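Welcome, and please have your viewer ready. We will go from one stop to the next, selecting as we go.

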Amino acid sequence: MAKRIADKELTDRNWDQEEEGEEAGTFSVASEDVLKNRAIKKAKRRNTGGESEGGGAFKGFKGFSMAAPSTTPSSSLTAFSGFGGTGSFKGFGGLSNGTGSTPSFSGFPSAAKAGVAFNGPSSAQPGADIAAQQTNGSAPGPSPAPCSRSREYSRQLTALNQSVRDWISKHVNDNPLCDLNPIFRDYERHLASIERHKTSTEDPGQKRSGSAPLPAGVSFNFGQKVDAPALGSLTSKPSVPSFSFSSSSNQSSPFGSAGPSAALSFGGTKTSDAPAADDKDEESEEPPKPEVKEVKEDDAFYSKKCKLFYKKESEFKEKGVGTLHLKRTAEGKTQMIVRADTNLGNILLNILVPSTLPCSRVGKNNVMVVCVPNPPVDDKNPSVAVPLLIRVKTAEDADELHKTLEEKKG
Amino acid sequence: MSTRDVVKKRVSRFKNKGKDLAKLREKRVSECVELRKAQKNESFLKRRNIILSSLPDEEAFSPEQNDTLSFRIEDIIRDVNSNDREAQTRGCQAARKLLSKGNDPPLKEIVDAGLLSQFVSFLSMDDEPTLQFEAAWALTNIASGNSWHTHQVVQHGAVPALINLLASPMLHISEQAVWALGNIAGDGPGYRDILIECKVIPALLACISPDTPVGYLRNLTWTLSNLCRNKMPCPPLSAVQQMLPSLIQLLHLSDKNILSDACWAISYLSDGSNDRIDVVVKTGIVPRLVELMNRKELFILTPALRAIGNIVSGSDLHTQMTIDAGVLNVLPKLLRHPKPTVQKEAAWALSNIAAGPCKQIQQLITCGLLPPLVEVLRNGDFKTQKEAVWAVTNFTSGGTVEQVVSLVQSGALEAIINLLQVKDAKVILIILEAINNMFIAAEKLGETEKLSLLIEELGGLERIEMLQNHENGIVYQAAHDLIEKYFNDGDVEEVQVDSTQTGFEFKAPDVQKKFEF
């Protein structure tokens, strides 16, 4: 039985004594040694950017919808029901890409938080209250009563403010010394664009004269040099706006920073999890990927982005994320190179593909090969053959890779 | 005899003046309470008598009260030990006044002076009511000290004599005996049970009549509450059953102090095993307790709420009785009470109701307990939040699938996710258990994907991933398992490897089911 008796004796003598408060606090992290031995799992993200299944989720979703049944279909709140469609989560993919980047959460995902309010009809007010507190002088302060603005505006503002709040609290929790200025600049920018959007879609009776109308469901980029014109070519659907904030908050220029794999590897991991998001990525909030493509492999006849694992004892350890290239050598043999997706572009694997190379299709989207790895994975046994797992984005890609290897080996 | 005349005069004064000066008396009684609180050294369960409610006022605040320093112990000893009634009375009264002074009364000195035997012998002098009264008062104040002091009083044989005094025709003497016995009972289960064996309860109950003044009843209720108090062991069941009817009577009066002490008594009696709770609820007192829980006076609300909290920690039947009595209409108010401890106790009670069968959980929903629950999850102080988290987990464990969905829709999931970074590892584990339970419900609906997505949108994934860094290994494991079970990335770790002769064969990891929208 889950009944619990009182934890503290209460008497006519002690009932009105001041109780010592208890702080919620934040938990302590385990030591390095302990962490080293822990297998850390990364949770699968399902929320893909820009997919229209967002709308479908609203329709088909009966169970865990957050919709308050009393709201009308057109209200902004039903748009929050179920799960926001556009890539709407705040994440720190940098968690598992531990190739020694600067603070572990310096990176930020491509599609960021949608700031969905999940608390039924009452949620509009808390969001609006936060808005009222958080607004800075430059943007016109939103009024605390959402009913005096468009619903869309409230929704976007709520989303923005919640994103900022959560982003700031997370980052300050992780690193109290971080510089939050980039975030505030991004906030100003986003707020301004929401404002523009609002005025352009509302009655002329509003304060400002409208500029070019922007469709609903616009998503905003933070920290990019690109401005408003880059926005808004998304089809208008009632998807929830998503905001992303600058990545490393303790560096002056968030992007193009030397932070190695963190910001950039997002591109890798995120797109690999969001197959349909590519077409939207041009205008989305992903950190610019050009750095990744600096190191080009000119004469590869086949290239594929992948994640490389090597087998150690009974489990697979990640070697890195990069691009696999297949090239023809001068002697007519096939060479397989996997180069890391970093500025350095260090080699994760560089082998010749012999005709005897064991190569198999594994699981959903992997190809397994067995060979002596170069560079070695185990310095004590550098010439031992080791199974290597190559994980690619989709099953089709895996099939393709496998087929290509089979054809071209030897 | 002169003393008799004195007695007559006093009694007549008492009869004439008692009611007029009620307010003044109350003030002195409250001063008494103030002094009690100020004396931190004193044992909490006892009360020293500065002034007795049924005492005539001239007696009460005679100027000599302030000149206590002029009494010398040696004079007192000489007087008390003499054979002269007047001297004995003088000496005893002087001792009483010394023992009644505000700061640091000389309890030990009086005991060490060997005066207790004499005082106890004075108690049985029915022909000397003044002496009886002064001796009873002096012994009351000694018994209000620490355990050693109380022990001294009992060792000198005061108990039977005091119990006899309960039957005194003099109200003030009887009341003084009530008080002294309350102090002795409050020392602990040992003396409490000795008093019970000496049949103190019937003697006390005999003092309750429609004519009994309020001040007397207040003292009596307090003494009864001390007889209900303490566990290890609990008071004998037979004693409890003797006291309960009178306690119920007292609970229906209107005097706030009586109500408060009677509620305390019930809160002590309900703090026990289910059969103890059973004895209490069978009196039919539950509706009255719910009423008293709704009072604005904190000193009544607090013990009533505690009593109800104890009762709902009992069986489902006990809990149902409180629900039938309307507890669910009062709890939302208490969950929003300005005092955090009240919120906490209310949340604790709620968590125990949520631990009941789904019929009771449904009543929680119907009576609108979810919104205030979510509010305290969000805004309560941490101790309250802890109780609220228990409520959520219990809910997810005993609730039907629809009920769990209602819970999620109320915002509880978001709120508990936002608590996943707290220091207290137990709380984190309880939250993870709630989330697991929600998935079990989701499985029955075939909607685990949706729940996963929702958790993701609520920022839960980052927090759960973070928990894998927690210093507590159990938290790490729970978080890890949760991700593995419902947020599996098809991670390589999951790949089983069989080596065969021709090379390595790999079993594919389980493919996530996709839900069609």
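Which residue in strand 4 of chain A is the bridge partner of A:Q335? Select A:L352 to see that partner. This is a predicted model, in which local features need pLDDT of at least 70, side-chain atom pairs count only at pLDDT 80 or more, and totals for chains, interfaces and linings use all residues; side-chain values use heavy atoms, with hydrogens and water left out. Residues are numbered from 1 along each chain as its sequence is written, while chains are lettered from A and ligands numbered from 1 in the order in which they are written.

Next, select residues 334-340 and 347-352 of chain A, which are strands 3 and 4, running antiparallel and joined by 5 bridges. (Strands are DSSP runs of E, at least two residues, and helices are runs of H or I, at least four, numbered from the N terminus.) These two strands form a hairpin with 6 residues between them. In the turn, click on A:G345, whose phi is positive at about 65°.

Now widen the view to the open sheet of chain A: 7 strands in the order 4-3-2-1-7-6-5, with antiparallel pairing (two strands pair if DSSP finds at least two bridges between them). Its edges are strand 4 and strand 5 (359-362), each pairing on one side only.

Inside that order, select strand 1 (300-312) and strand 7 (386-391) of chain A, an antiparallel pair with 4 bridges. Here A:K307 has A:R391 as its bridge partner in strand 7.

Finally, move to chain B and select helix 11, residues 171-185. Of its 15 residues, 14 are buried (under 20% relative accessible area, with exposed over 50% and partly exposed in between, using a 1.4 Å probe and protein chains only).

Definitions and conventions
Expected span 1.5 Å × (residues − 1).
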